Amino acid sequence: MLASRQEAAMMATGDAHAEDKENAFESREARKREVVDQMTAKADVVRKEAERAAMLEPKGRLFHACEIGDSERVYLLLKKAAEGDQSIFSDESVGALVEASTPDGVTPLFTACKSGHVECAQLLLNAGAFPNKATKTHKFTPLWIACQKGKDQCVKLLLQQSKVNVNQPAIDGRTPLYAACEGGRPACVKLLIEAGAKLEERRNDGSTPLIVASVFGHADVVELLLEAGAKLKPSDEDGNALENARKQVNAGDRERVIRLLEAAFEERGHRESVQLVSNDVQLD
């Protein structure tokens, strides 16, 4: 009986110790979480202060105005920079202001075009913004991002600039036309074709604008490309445009895309094959 009582007492003591350890562990974890929360809160404060400080700078204000489409603010900032307003600018020139960039190379013009704020973009271009300046990581230009986002009024404006490169590719080979075809942006595609964009420029994976439009089922885009003479035979690792379209299941207007491509093959497929063979002979 005595042994049983001693054993029970030891078990109770063990349970108490285990509970104490568990409580101590939970307490330590709670303190850790509290420290992490405090550090996160401090980091948020520092970040918000940095953002507020940036907004007080002319460049920060310009970026914000371009992002929200405040063309009046853009106009006033550029005007004061041109006048050399010392109350706002130290030695900041208009050129330095319009070509300001983030660490990744995003400019005010890129920001305005990404959001489709054509009035802001027009003011920046009038002030000398360079239309072909690309981001550092992906090499996206203002024209590229406007095409990708379907901002056709900004695309139209950029294509009116004498220095714009309509075929300037991103780092992965996608041209503005490819981006518009991939995103299903027929208005942008039409503008680019009219501006002389190259129809057969390939992405690094070998796909063409016609292939990517077919993959995603963008029938209106496919129709525009075919009308402009886009070639049917170029292929990537999954085949030509028609072969790619047939492999898709729920891609946009897949059936219409297939009908368009089949009709094009029937109309000019043989002729294109002969032309390709002829080109190969000439190259040899």
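This is a predicted model: local features need pLDDT of at least 70, side-chain atom pairs count only at pLDDT 80 or more; totals for chains, interfaces and linings use all residues.
1. Helix α9 covers residues 176–183, and seven of its eight residues are buried. Those buried residues are P176, L177, Y178, A179, A180, C181 and E182.

2. What do the buried residues of α9 pack against? Their partners are four helices: α7 (142–149), α10 (186–194), α11 (209–215) and α12 (219–227).

3. Next, the nonpolar core. In soluble globular proteins, nonpolar side chains tend to be buried together. Here, the largest nonpolar core holds 69 residues. L124, L143, L192, L210, L225 and L261 have the most contacts inside that core.

4. L261 is a handy one to click on. Setting aside neighbours within four places in sequence, L261 touches L210, S214, V222, L226, L232, A241, L242 and A245. One of these, L210, is also among the core residues with the most contacts.

5. If you take contacts between residues at least 6 apart in sequence, 67% of them join residues at least 24 apart.

6. Finally, the surface. Of the 284 residues in the chain, 38% count as buried. The accessible surface of the chain comes to about 16,200 Å², with 51% of that area belonging to carbon and sulfur atoms.

Methods: Residues are numbered from 1 along each chain as its sequence is written. Side-chain values use heavy atoms; hydrogens and water are left out. A nonpolar core is a set of buried Ala, Val, Leu, Ile, Met, Phe, Trp, Tyr and Cys residues joined through side-chain atoms within 4.5 Å. Buried means under 20% relative accessible area, exposed over 50%, partly exposed in between (1.4 Å probe, protein chains only). Contact means heavy atoms within 4.5 Å. Helices (H or I, at least four residues) and strands (E, at least two) are DSSP runs, numbered from the N terminus. Accessible areas come from the Shrake-Rupley method with a 1.4 Å probe; for residues, only the protein chains shown count as cover.
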